Amino acid sequence: MIFMSKEIVKQISQIVDEKRGDIIKFLQNLIRKQSVTGKEKEIQEFIVKKLAEMDLEIDQWEPDPNKLRQHPAYFSTFDSNQLDYENRPNVVGKFRGDGGKSLLFNGHVDVIPAEPKSAWTHDPWKGEIENGKLYGRGASDMKGGVAAMTMALDCLLEAGIKPKGDVLLEYVVDEELTGFGTLSCVLRGYKADAGISCEASDLEVQPAATGSMWYEILVKGKPASMSRLWEGVSALDKGYKMARAVSELQERRLKEKNHPLYPDPQGALACFVGKFEAGNYASALPTNCSIKGRMGVLPNEDPDAAKKEFMGYIKRSAAKDDWLKNEPPLARFTGYYAEPAEIPPEHPICEALASSSELMRGEKPVIKGHEGATDARFLIKWGKTPTVIYGPGTIAQMHAQDEWIRVNDLLDSVKVMALTIVRWCGIK
């Protein structure tokens with residue numbers, strides 16, 4: 001890292017302030033592209049035009065499902081068995097430096113649906129601003145981060161400040177369902193001396209991300225006539241006991257598990273039932289029950305050990321019931337799977353980012369873990385790129401109705417990212 005003079009800090013701050021309108025407009029235009037997962041083509045075309053204006057080297061390609069399936073990080077979800085990336089290209093913009101350390105920025109362009117639109121007080125696809133907040137689907141998750149990383153480099157180049165190291169800007173598809181867009185970047189050979197995942201972090205420096213695993217529990221009952229209910233066993237009632245067991249396991253894990261970057265692990269260890277279905281007919285005793293949910297895993301946990309802990313607790317809980325001990329539920333982990341990942345908080349990229357934040361914002365940033373899975377896991381484990389999470393969005397707004405981002409946070413993040421590029425890559 002190079003020493004930062006007050007002049008370079010002032011110059012970056014000034015150019016970002018001058019381009020305030022352009023930065024906001026760029027994010028608004030991103031939000032106006034309805035890039036729900038599977039429909040990312042339009043927004044990628046828009047981004048390619050911006051990268052061309054910045055005179056960057058541009059690479060775009062459609063991820064190869066066959067190559068993805070052969071990778072150890074591949075997992076099968078409810079629709080990844082029929083992966084289709086036609087007209088869903090990844091995009092990478094590259095500024096070629098001259099011998100300095102390289103820096104990679106990663107952001108996903110897909111968002112979840114905005115329905116029901118009636119629940120929004122602001123149009124989810126317009127990017128309206130009110131009381132310092134910019135509203136829209138993806139404002140925090142994570143078009144705000146995508147806008148920040150793009151405009152950070154754009155501001156430097158416009159000011160005539162050219163990084164000495166390579167700067168890579170990755171715009172990936174399919175993060176919300178699989179993360180395979182970033183995995184495809186790894187397979188294509190993209191890596192750097194360090195990386196920044198621009199997911200929502202509330203401007204905190206986050207060297208770690210939790211794991212996320214989906215599970216399913218299938219419970220059987222015993223059929224009986226509606227006039228002889230006492231002769232049967234309700235799978236709904238027995239399923240409820242298993243749902244309670246999941247809640248009990250959550251409480252137990254909160255007491256037993258800890259990590260220095262998660263002083264309060266409630267958000268990181270969220271283990272809950274997200275879907276509960278039982279029965280087939282209103283006037284028939286339910287003889288089947290399906291429970292689906294999610295289990296969070298701390299970065300210092302072994303995901304396989306956490307799975308065994310879950311399965312063991314469900315088995316022991318079922319054994320306490322007269323019916324379930326003889327008709328044990330079928331529990332398994334299936335669908336979405338994201339491993340936890342972390343780098344040391346004292347890693348040079350964390351220090352560069354934290355010091356840049358302090359210089360630009362006048363206070364030391366919070367350093368903690370990210371409460372959720374991110375694509376940083378692919379970059380760290382498979383891409384040989386030590387990656388920290390930092391972005392202007394707020395995690396409390398991810399997937400929310402009336403999703404918003406603070407305009408001032410967006411501008412601050414552009415300044416911090418720009419200064420981090422200079423500190424890490426140097427200047428030509």
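The following questions and answers concern a predicted model, in which local features need pLDDT of at least 70, side-chain atom pairs count only at pLDDT 80 or more, and totals for chains, interfaces and linings use all residues. Residues are numbered from 1 along each chain as its sequence is written, and side-chain values use heavy atoms, with hydrogens and water left out.

Me: Is Asp375 buried or exposed?
Reply: Asp375 lies in the loop between helix H9 (348–361) and helix H10 (376–381); helices (H or I, at least four residues) and strands (E, at least two) are DSSP runs, numbered from the N terminus. Buried means under 20% relative accessible area, exposed over 50%, and partly exposed in between (1.4 Å probe, protein chains only). With a relative accessible area of 3%, Asp375 is therefore buried.

Me: Which strands stand at the edges of the open sheet of three strands?
Reply: The order of this open sheet is E4-E5-E15, with antiparallel pairing. Two strands pair if DSSP finds at least two bridges between them. Because each has a single partner strand, one side is left without a neighbour in the sheet for strand E4 (129–130) and strand E15 (404–406).

Me: At about what angle to E15 does helix H5 run?
Reply: Helix H5 (residues 139–158) lies across E5 and E15, where contact means heavy atoms within 4.5 Å. Axes are lines fitted to C-alpha atoms, for helices over the stretch in contact, and angles run from 0 to 180 degrees between N-to-C directions. The angle of H5 to E15 is about 50°.
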